[in-house]
Amino acid sequence: MKSAVQNVAAGAAKRERATRERVGPQVAGVDAIEVKATIPEAHIDGALARYNLTVDNDEERFIYFFDTPQLDLLKAGTIIRARRTVGGEHDCTLKFRPVVPSDVSPHWGQFEGFKLEADASETDVVRSASFTMPVVKGLIKKIVAGKADIAGLVTTEQIKFLTTIGKQTVDFKALTVFGPLASQRWQFEAPACPWKITAELWQRGDGKRLMELSIKSPAAQAAVAIAGFMAFLAEVGVEHDLQHMTKTRWAMAMPTLIETEAKDAPASAKPVRAQKRRTPRA
């Protein structure tokens, strides 16, 4: 008769085989996979405390999306996003999902900001192509204030990327600014997890929060990464949503988001960030 430990091990091996059979074809053609888990609002504070994630050790960002009021780009699988990193670089990303990797020309691989990868949750895998380029500091603020055109965010190469991969022409004058969303980002390691973990906490203008934990691994290790990361979350007692909602779709779920800088927003709309430590660091 098998012991309880043997039964658990056998069950884990069976789940890993099932995951490998399911995700193998879904990651074909991509270089890397990012495994993501969304943390429900009720468990965010506990996750922050568990991993000692505070304003002392975060990377602070402000995130903006650009779409029509009807979210036509998002419905077509196209995302245009800009990020202001406090004390760091600013950038603009064009992303398409889903994509068929064989349809993406190797030409784009010459650009450092290009990525062809798979986004995976416990229940789904979606292949995507993205192209990120730096943005001159101050430009995003000017666009939000209506003093510069949204089209100024994207480079000539990004426009080519939009038309060849996204197969669409965007009227930038018809786009609306969604944001900012206050974002805090951390990278840390946990003894029981063989992958470096990235945590990102977003807050919308209505005060609602979304937290995401993620890891990255080579596509060849996709099945192990998905099964292993989800097992790690279960083992340490971190609750996560089985129906993973992408941060982008969640961020744009409101008809209109705050369109001014967080410091200029009403007090009720200012982000409630992770708390500052009150005890010395270990």
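Figure 1. At 15% relative accessibility, Arg-209 counts as buried (buried means under 20% relative accessible area, exposed over 50%, and partly exposed in between, with a 1.4 Å probe and protein chains only). This is a predicted model, in which local features need pLDDT of at least 70, side-chain atom pairs count only at pLDDT 80 or more, and totals for chains, interfaces and linings use all residues. Residues are numbered from 1 along each chain as its sequence is written, and side-chain values use heavy atoms, with hydrogens and water left out. The side chain of Arg-209 meets that of Glu-41 in a salt bridge (2.9 Å, N to O). A salt bridge here is a side-chain nitrogen of Lys or Arg within 4 Å of a carboxyl oxygen of Asp or Glu. Glu-41 lies in helix H2 (residues 41–50) and Arg-209 in strand S9 (residues 209–218), so this pair ties together parts that are 168 residues apart in sequence. Glu-41 is partly exposed, at 40% relative accessibility.

**Figure 2. The salt bridge of Lys-115 and Glu-117.** Here the two side chains meet at 3.6 Å, N to O.

**Figure 3. A salt bridge between Glu-200 and Lys-247.** These side chains meet at 4.0 Å, N to O. Glu-200 belongs to strand S8 (residues 197–203) and Lys-247 to helix H7 (residues 247–251), so the pair ties together parts that are 47 residues apart in sequence. Helices (H or I, at least four residues) and strands (E, at least two) are DSSP runs, numbered from the N terminus. Both Glu-200 and Lys-247 are buried.

Figure 4. Let's step back to the whole chain. You can look for 7 helices and 9 strands in it. Buried residues make up 49% of its 282 residues. Take the contacts (heavy atoms within 4.5 Å) between residues at least 6 apart in sequence: 70% of them join residues at least 24 apart. The chain exposes about 14600 Å², with carbon and sulfur atoms supplying 54% of that area. Accessible areas come from the Shrake-Rupley method with a 1.4 Å probe, and for residues only the protein chains shown count as cover.
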